[in-house]
Each structure stands twice: as structure tokens, then as C-alpha cells.
Amino acid sequence: MNVNVFFRCFSLLGGLLILSGCVAGQNIRLAYEPMAQPSSPLNIVVAVEVNDKRPFITSGDKAPSYIGHYRAGLGNTWDVTTQNKEPLATLIRKDLEADLHSLGFTLGDAEMVEKRVRVEIADWNFDTYINGKFWYDCRVWVLDRSGRTLAEHQLKETVVIKGSFWVGAKYAFEREMPNIYRVIIGKMVRDTPAAVTAFKR
């Protein structure tokens with residue numbers, strides 16, 4: 001066998017073995033650190049509701065903590081979850097509540113609420129091999145006390161994340177996903193002027 005061909009085959013086999021052996025039982029830490037709370041609270045009581053409507057979650061095919069999968073060298077997939085296997089909807093709700101609090105809003109129970117934000121996760125998934133692709137689709141509503149819609153917007157995007165031959169996209173996803181997550185949480189209210197205005201009026 002030609003030496004160069006042998007070397008390429010050996011390298012490919014080694015890469016496949018590495019990819020196959022390093023992706024099982026994985027999770028990615030998604031965290032959001034809101035900005036400092038303003039000195040003057042807005043004295044507006046709000047509540048947050050997040051519903052995970054991904055078909056593979058509602059059917060029970062995947063756990064609520066599922067956020068995507070790595071694809072190993074032979075094509076087999078390994079599910080990736082949030083850190084501590086916390087349901088994605090719960091994580092988003094807590095981080096969005098923290099962000100609203102940092103904007104000066106007060107979190108309250110159903111009887112006190114003046115405004116409500118509702119988030120529906122229609123899709124949230126990723127697929128990787130040497131490179132990877134993450135896609136999401138979330139709808140956000142700002143509602144008044146009676147349930148009337150004051151503002152509504154959709155967050156939907158597909159992001160390509162570059163990996164490497166030797167370790168695939170695993171480490172690139174661990175590095176990039178927290179940054180992408182922070183942007184998504186910010187766009188739900190803070191960085192969407194119509195949503196912020198709806199809360200204040």
C-alpha cells in the first residue's frame with residue numbers, strides 16, 4: 001500500500017475512534033448573567049411562562065433537558081443535555097426572570113401580575129460531526145393581566161459552528177453555545193424594544 005494512502009487511512013481511523021470515544025454522556029452549560037439592576041425599580045409586577053413544544057419532547061422521545069446531539073465517527077449519535085439535566089424550559093424561564101428583574105421589574109405570583117411574558121419553544125436542536133449546526137425557533141408574547149397580546153415576536157435562526165477533524169465540533173459547541181444562549185435570552189425582552197415598551201405601557 002502506498003505510504004501516503006496508509007497514513008491517511010490511519011489518521012482517519014484514529015480520528016473516528018477519538019470522535020467515537022469522547023462524546024458520550026455530554027452536557028453543555030448554558031448560563032445567562034444579566035446586567036446590574038437599575039437603581040429605580042419600575043414597580044411593575046410581571047410573570048414568566050415558558051412552554052417546550054418541541055415535538056420530540058411532547059412525544060416523550062427525548063428528555064426535556066435535551067438540547068442537541070453529537071455525531072460520533074461512525075455516525076452514531078449521542079444526546080447532549082443542559083448542565084445537571086435541567087429542563088430547557090425551566091432554565092430559560094429562570095434566566096428570563098433574572099433578566100427582567102435586572103431591568104427593574106418585580107417578579108410576582110398570579111394574583112399580583114400586571115404583565116406576563118410567555119415563551120414557546122417550537123424548536124431547539126443541534127447536529128454535529130466535524131462541524132455542527134444549531135437551530136432554534138422561539139415565539140415570545142407580552143400579555144396584559146387579561147391575557148391580551150401587547151407585543152409578539154419570533155426568534156428563529158440557524159448557526160453553523162466550525163469544529164475540527166480530530167475532535168469534531170464538541171469543544172467548539174461547548175465554547176460557542178453559552179454565547180449564543182446569552183444572545184437569545186437578551187432578544188426575548190431586553191434587546192427587543194417593542195417587548196420592553198409593551199411591559200412599560
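Student: Let's start with D52: buried or exposed?

Tutor: D52 counts as buried, at 15% relative accessibility. Buried means under 20% relative accessible area, exposed over 50%, and partly exposed in between, with a 1.4 Å probe and protein chains only. Before we go on: this is a predicted model, where local features need pLDDT of at least 70, side-chain atom pairs count only at pLDDT 80 or more, and totals for chains, interfaces and linings use all residues. Residues are numbered from 1 along each chain as its sequence is written, and side-chain values use heavy atoms, leaving out hydrogens and water.

Student: OK, and which side chain does D52 meet in a salt bridge?

Tutor: R54, at 2.7 Å from N to O. A salt bridge here is a side-chain nitrogen of Lys or Arg within 4 Å of a carboxyl oxygen of Asp or Glu. R54 is buried too, at 0% relative accessibility.

Student: How many salt bridges by that rule?

Tutor: The count comes to ten. Among them is K94 with E86, where the closest N and O atoms are 2.5 Å apart; K94 is partly exposed at 39%. Another pairs R175 with E176 at 3.1 Å, and E176 is partly exposed at 27%.

Student: Switching to rings, how many aromatic pairs are there?

Tutor: Eight, searching the whole structure. Rings of Phe, Tyr and Trp (its six-membered ring) pair if their centres lie within 6.5 Å; planes under 30 degrees apart are stacked, over 60 edge-to-face, and the rest tilted. One of the pairs is W124 with F134, edge-to-face at 5.4 Å centre to centre and 65° between the planes.

Student: Why does that pair tie together parts ten residues apart in sequence?

Tutor: Because W124 lies in strand β6 (residues 115-128) and F134 in strand β7 (residues 132-144). Strands are DSSP runs of E, at least two residues, and helices are runs of H or I, at least four, numbered from the N terminus. Both W124 and F134 are buried.

Student: And what about W124 and Y181?

Tutor: Their ring centres are 6.2 Å apart with planes at 70°, so that pair is edge-to-face. Y181 sits in helix α4 (residues 170-188), so the pair links parts 57 residues apart in sequence. Y181 is buried at 0%, and W124 is at 0% as well.

Student: Which residues make up the cluster?

Tutor: W124, F134, Y136 and Y181 form one aromatic cluster.

Student: Which ring does the charged end of R118 sit over?

Tutor: That of W141, 4.7 Å from its centre. The rule is NZ of Lys or CZ of Arg within 6 Å of the ring centre and within 35 degrees of the ring normal. The charged end of K133 sits over the ring of W135, at 5.5 Å from its centre.
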